[in-house]
Amino acid sequence: MRSCVAILAIILVAAAPVAAAACTGTNIKTKQRQTVQEIYRTGVSHPRRFIAEATHDPKTGRPVIIYYSRYASAPGYFKSFVRAHECCHHAGNRNEIAANCCALRRLRLSASGLAAIRNYIISKDINSQTVVDYQGQGGLFWSKTESQCLGSAKL
């Protein structure tokens, strides 16, 4: 039992990112770069099952990340991935897979950390069903990420 706990602790530490990087985006009204505002609506379910979304404040134009209910129950290592993914959208990665690749580059995960992200996406059937993207959930979503950013030197 102790060895299982020790192994789990090692995996979780290896899955944790080095540090939370600054998240900036462009204000759509002023065209100036600024810090992204992060809003937690973890008591609200998104109608399309999103965990979070990168958007802009309609009044001020400020870049915003909104976190929804599925985010609240996710483990810390996956929350770090989600934040990095949404920050990557604000950095110009409009496609979901491009944002995944960017997030993985930013987090610089170990092999066990990468496996933890992969297993969570598959086990929780994480989806990519956006207007600007394609349909794909769980294993399909991860296989597209793997083929586009892990199968080459893009990371």
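Biologist: How many helices and strands does the protein have?

Modeller: Helices (H or I, at least four residues) and strands (E, at least two) are DSSP runs, numbered from the N terminus. The protein has six helices and five strands, and from the N terminus its elements follow the order α-β-β-β-β-β-α-α-α-α-α. This is a predicted model, in which local features need pLDDT of at least 70 and side-chain atom pairs count only at pLDDT 80 or more, while totals for chains, interfaces and linings use all residues. Residues are numbered from 1 along each chain as its sequence is written, and side-chain values use heavy atoms, without hydrogens and water.

Biologist: Which residues of the largest nonpolar core touch the most other members?

Modeller: A nonpolar core is a set of buried Ala, Val, Leu, Ile, Met, Phe, Trp, Tyr and Cys residues joined through side-chain atoms within 4.5 Å; buried means under 20% relative accessible area, exposed over 50%, partly exposed in between (1.4 Å probe, protein chains only). Here the core holds 31 residues, and I65, F78, F81, V82, I117, I121 and I126 touch the most other members. Strand 5 (63-67), helix 3 (76-90), helix 4 (96-107), helix 5 (111-123) and helix 6 (138-150) each give two or more residues to this core.

Biologist: What is F81 in contact with, leaving aside its neighbours within four places in sequence?

Modeller: Contact means heavy atoms within 4.5 Å. By that criterion F81 meets N100, A103, L104, L107, I117 and I121.

Biologist: Which residues of helix 4 and helix 6 meet?

Modeller: E96, I97, N100, C101 and L104 of helix 4 meet F141, W142, K144, T145, Q148, C149 and L150 of helix 6.
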